[in-house]
Number of protein chains: 2
Amino acid sequence: MSKPALAIDLGGTKIKIGLVKGHAVIATTSIDAHSANGLRERLPYIKDAITTLLDQQNISLHDVEGLGMSVPGIVDSKQKRILSIDKKFGDAPEIDFEQWCKEAFGLKLSMENDARSALIGEWKFGKAKNYENAVLMTLGTGVGSSAVIEGKLLRGKHFTAGILGGHFIINYKGSQCNCGNKGCVETEASTWSIAAKARNSKGFSESKLSGEATIDFESIFRYAENDLLAKQLRDESLNVWSACAINLIHAYDPEIVLLTGGIMASSDKIIPYIQQQTDAHAWTPWGKVKIEAASFLSTAALLGAGYLVTNDKY
Amino acid sequence: MSKPALAIDLGGTKIKIGLVKGHAVIATTSIDAHSANGLRERLPYIKDAITTLLDQQNISLHDVEGLGMSVPGIVDSKQKRILSIDKKFGDAPEIDFEQWCKEAFGLKLSMENDARSALIGEWKFGKAKNYENAVLMTLGTGVGSSAVIEGKLLRGKHFTAGILGGHFIINYKGSQCNCGNKGCVETEASTWSIAAKARNSKGFSESKLSGEATIDFESIFRYAENDLLAKQLRDESLNVWSACAINLIHAYDPEIVLLTGGIMASSDKIIPYIQQQTDAHAWTPWGKVKIEAASFLSTAALLGAGYLVTNDKY
């Protein structure tokens, strides 16, 4: 029988840690990310949390296969380095994680982008299981993507293939994105950009949104039925995400597109709309691409990172 | 020594026929496409043209390796069928080309999308020769694309991966494309769409373009320096193509993007602009993607189609 693997899902707010075996998350814990302070100062806390988690499960490091890390950035999964990470964890590209992992735990490390890790989790154990051609789209603080084409995880020479769907231009005269590009999916409709977009919109002072402490997709979807600006922002966002889904379909030729991320709390509004839009507008002479919510909205990246420890060719 | 191959480059205006061997087009001829009448009625003329070409070269069909077809549409390169072809050659999906090729010439057939064929030509013999990660973008009647990733031609399960870059949405509130989508690259800036876009623009009657029998990129680039509307259309088109190039870079992670197609008559204006835009806006932490004019502006698809006859795994 194979051993369980440790998995770390690095998020901007929380760092999730799991002990995973196949499709099962045996145990999980998390610590605050304090990402503005960098990642290096978090490493001792991650080590402590892992030690505690293993102690609670009565599992020694000898019984662990390795450690898998899921990272919200561009990752060199061969050299186990973070190449680019947007604002958060600014010191991460300088860190030698392989060495840290060896010194702290005596374990081998694998490392992958978070959207790719989540797709691996869904592809091996979730809704993408019976497909060799699948795309994942994450709607949350940012917008992420990943693709499996003809049974192979798409990485590309510089590790950016598949994961930059949130930075497809869908409005070439649009506003500045924090990636340096203009009119990206993310800058037009994601959690980090939507509050400023609302505040800069005509009719903001008359909108119920102006009375909210936090303007996010939860409040936008809540008010959309009887507030003009909330309705406009919801409808525009749905169209932005649909355009992103169509571009992902045109780029990667999947049979299924799985949606995940924080915004999926409103998935009953989002999935049917995007399905209708891709049915109507994507050029797929062979049939229709399935649009579905992912199976593991909070643990797919842990499962994928754990899977890659034992199964990655790198 | 390997035998030469016959290659057909199916275009909407002309059907080009070549006898190719490696990087060399030994001989070439062409016939009118009359694409509105369908492709079936053209097959006897193609056969005659091929027979004449071989006779002139004193080459018998026994000395030919096979026939490669380059097609402006979605092609099942395993079954050698055309799956979808936009308006032109409406009867093509019904035709059994493999049987025709066997009956007419006793030759084996290979078949591929035209942008993929052109990229194969450039990858094996032209400017993409030393790259394992390359994208081709064709600017012409329509806008096409293709990609080689980590040394493999991208095709996808339904044969649409890589080739639909002209149908990336770059203006999600934009105008209707003839593919059924909205705000595609093609509908915002290609030869088939630009004349109507000019005529529907404010200031058309005052523009020098209104005196032109044919409004195309040749006239738009010619007048752009001292005509307001021509300048606006040129600048918008350059930005549309730049957005397309950035999306292709974000989708496929290439080292080089080659541009080809009819509009490349103005390549001295187009290439530097797109290079500057991708340098400024594409998210490529590893370095800069090269933007270059393709090596074989008129024969890349013939070379690629010929190459695939002997070298395709399908």
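**Stop 1: a turn in chain B**

Select B:Gly22 to begin: this residue sits in the turn of a hairpin formed by S2(B) and S3(B), with two residues between the strands, and has a positive phi of about 60°. Strands here are DSSP runs (E, at least two residues) and helices are DSSP runs too (H or I, at least four residues), both numbered from the N terminus.

Before moving on, a word about what is on your screen: this is a predicted model, where local features need pLDDT of at least 70, side-chain atom pairs count only at pLDDT 80 or more, and totals for chains, interfaces and linings use all residues. Residues are numbered from 1 along each chain as its sequence is written, while chains are lettered from A and ligands numbered from 1 in the order in which they are written.

**Stop 2: the strands around the turn**

Now select residues 14-21 of chain B, which make up strand S2. Is S2(B) mostly covered or mostly open? Six of its eight residues are buried, so S2(B) is mostly covered. A residue is buried if 20 or more other C-beta atoms lie within 10 Å of its own, exposed if 12 or fewer, and partly exposed in between, with C-beta atoms placed from the backbone.

Strands count as paired if DSSP finds at least two bridges between them. To see one bridge, pick B:Gly18 and its partner in S3(B), B:Thr28.

Look for B:Ala5, which stands opposite B:Val20 in S2(B).

**Stop 3: a loop residue**

Jump to B:Ser266, in the loop between strand S11 (256-260) and helix H8 (267-281) of chain B. Why does B:Ser266 count as partly exposed? Because B:Ser266 has 19 C-beta neighbours inside 10 Å. Leaving out residues up to four places away in sequence, B:Ser266 touches B:Phe217 and B:Phe221; touching, or contact, means C-beta atoms, placed from the backbone, within 7 Å.

**Stop 4: where the chains meet**

Show both chains. Their contact takes 38 residues from chain B and 38 residues from chain A. On the chain B side, strand S6 (81-84) and helix H7 (228-252) each supply at least two residues, and H7(B) gives the most, with eight residues. That side of chain B divides into 18 nonpolar, 14 polar and six charged residues. Here Ala, Val, Leu, Ile, Met, Phe, Trp, Tyr, Cys and Pro count as nonpolar, Asp, Glu, Lys and Arg as charged, and the others, Gly among them, as polar.

Chain B superposes on chain A by a rotation of 180° with 0.0 Å of shift along its axis (RMSD 0.0 Å). That is the relation of a two-fold axis.

**Stop 5**

Colour chain A by domain: domain 1 is 5-118 + 299-311 and domain 2 is 129-293, bounds that come from an automatic or database domain assignment. Their C-alpha centres lie 27 Å apart. Where they touch, 13 residues of domain 1 are in contact with 15 residues of domain 2.

Finish at A:Cys244, which touches residues including A:Met137, A:Phe168 and A:Val185.

Notes
Two residues are in contact if their C-beta atoms, placed from the backbone, lie within 7 Å. Copies are superposed by least squares on the C-alpha atoms of residues with pLDDT of at least 70 in both.
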